[in-house]
Amino acid sequence: MRAARLIKMVLLLQSRPTMTAAELARELEVSERTVTRDAQALSEAGVPVYAERGRAGGYRLTGGYRTRLTGLARGEAEALFLSGVPGALREMGLEDAASAARLKVSAALLPSLRDASRTAAQRFHLDAPNWFREPRTPESLPAVADAVWDDRRITARYRRGRDEVTRELEPYGLVLKAGVWYLCARATGTTKATGIADGGLEDSASGSGASYRGYRVYRIDRFAAVAAGEERFARDDGFDLPAFWADRAEEFARSLLRSEVVVRLSARGLRALPHAVDAPAARAALEHAPAPDPDGWVTVTLPVESEEVAHGQLKGLGPEVEVLAPGTLRERFARDARRLAELYGTP
């Protein structure tokens, strides 16, 4: 266990000029005191780990030291070949580059590991789009992907509602969600802002988290035109694409829940609720759920997108849910119950 941690510490220091004790502790999932002991152990073993004190200090390797402990185990090699998504790479225009990289990695592997790409591909495949949806690659995706790789600013005409807006963007990253491509970018200027907001995840600022203020999300298939300039932008090293996307997606899901309904749930209904409604709504309701009443039922307040959506979702729980409020939704379920009684009642 410690040997693996020491190797990882050397590889981390080899990949970065300097790392603080706190950064190493976070990467290695240990305390800073353990980092200090590990650095001492490496130094005693002949690895030139040098510690600098002060605000700008940290740990670094001296003398251009490079470890040779870079061989891959079988599991690591197979995981490496799983890291690419073939369809996504093809849509971004990177299929040839990815194929060449795989060939080079295969050639560098030990003979006993050169079948790793084949064994991984035979066991796992990612099909990103939803069922019954014909995936279409946005025309502007390759140009946007090139700009993301090169940190080049782009000017994009974006369809927003019935109008178009022109944005000057710093493209930070691409996300493929359920077959739809999104661009996470920072807007640096707006030459036309007459578009009508049509809601949704796209073209919305992330309101939670000061570190992501100013960053927005755009659907690639709504770009009418994209022009990449020669000017490069200085990327913010603190921007974390997976964290930003998770934050933005959660915020979007919560923003849809504009109404509330009050329901009683049986024990079975309580267990089924997360499968019937949106995950953020189920979490919000269950976090504040009281103890069951004498009949074993629990009354909760459930955030919902609208009464219409709540009606469609809660119908799936059948007799395991009773709507208490609002009265209009309760009456909808009463009408459903009467119709069901007419269909299934005894003649």
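**Figure 1. Strand 3 and strand 4 are paired in the antiparallel sense over 7 bridges.** In this predicted model, local features need pLDDT of at least 70 and side-chain atom pairs count only at pLDDT 80 or more, whereas totals for chains, interfaces and linings use all residues. Residues are numbered from 1 along each chain as its sequence is written, and side-chain values use heavy atoms, with hydrogens and water left out. Helices (H or I, at least four residues) and strands (E, at least two) are DSSP runs, numbered from the N terminus, and two strands are taken to pair if DSSP finds at least two bridges between them. Strand 4 covers residues 163-177, and Arg 157 of the pair stands opposite Thr 166 in strand 4. The two strands form a hairpin with 2 residues between them, and in this turn Gly 161 has a positive phi of about 70°.

**Figure 2. The side chains of strand 3 (residues 152-160) alternate between two faces.** In a regular strand the side chains alternate between the two faces of the sheet. Here Arg 152, Ile 154, Ala 156, Tyr 158 and Arg 160 point to one face and are buried, where buried means under 20% relative accessible area, exposed means over 50%, and partly exposed lies in between (1.4 Å probe, protein chains only).

Figure 3. The 14 residues of helix 1 (residues 2-15) should span 20 Å at 1.5 Å a residue, and the end C-alpha atoms are 20 Å apart, which agrees; the expected span is 1.5 Å times one less than the number of residues. Arg 5, Leu 6, Met 9, Val 10, Leu 12, Leu 13 and Gln 14 of helix 1 are buried.

**Figure 4. Helix 10 (residues 267-276) packs against helix 11 (residues 279-287).** Their axes lie 8 Å apart at an angle of about 150°, which makes helix 10 roughly antiparallel to helix 11. Axes are lines fitted to C-alpha atoms, for helices over the stretch in contact, and angles run from 0 to 180 degrees between N-to-C directions; angles under 35 degrees count as roughly parallel, over 145 as roughly antiparallel, 65 to 115 as roughly perpendicular and the rest as oblique. Leu 270, Leu 273 and Pro 274 of helix 10 make the contact with Ala 282, Ala 285 and Leu 286 of helix 11. The residues of this contact divide into 6 nonpolar, no polar and no charged, with Ala, Val, Leu, Ile, Met, Phe, Trp, Tyr, Cys and Pro counted as nonpolar, Asp, Glu, Lys and Arg as charged, and the others, Gly among them, as polar.

**Figure 5. An open sheet of 3 strands has the order 10-9-11, with antiparallel pairing.** Its edge strands, each pairing on one side only, are strand 10 (298-304) and strand 11 (321-325), and neighbouring strands of the sheet are turned by 35° against each other on average, direction ignored. Strand 9 (residues 259-265) is joined to strand 11 by 4 bridges, and Val 262 stands opposite Ala 325 in strand 11. Helix 12 (residues 307-314) lies across strand 9, strand 10 and strand 11, and runs at about 25° to strand 9. Ala 310 lies in helix 12 and, at 0% relative accessibility, counts as buried. Not counting residues up to four places away in sequence, Ala 310 touches Val 261, Val 304 and Leu 329; Ala 310 and Leu 329 are 19 residues apart in sequence and 8.4 Å apart in space, C-alpha to C-alpha.

Figure 6. Most residues other than glycine have a negative phi, and most peptide bonds are trans.

Terms used
Contact means heavy atoms within 4.5 Å.
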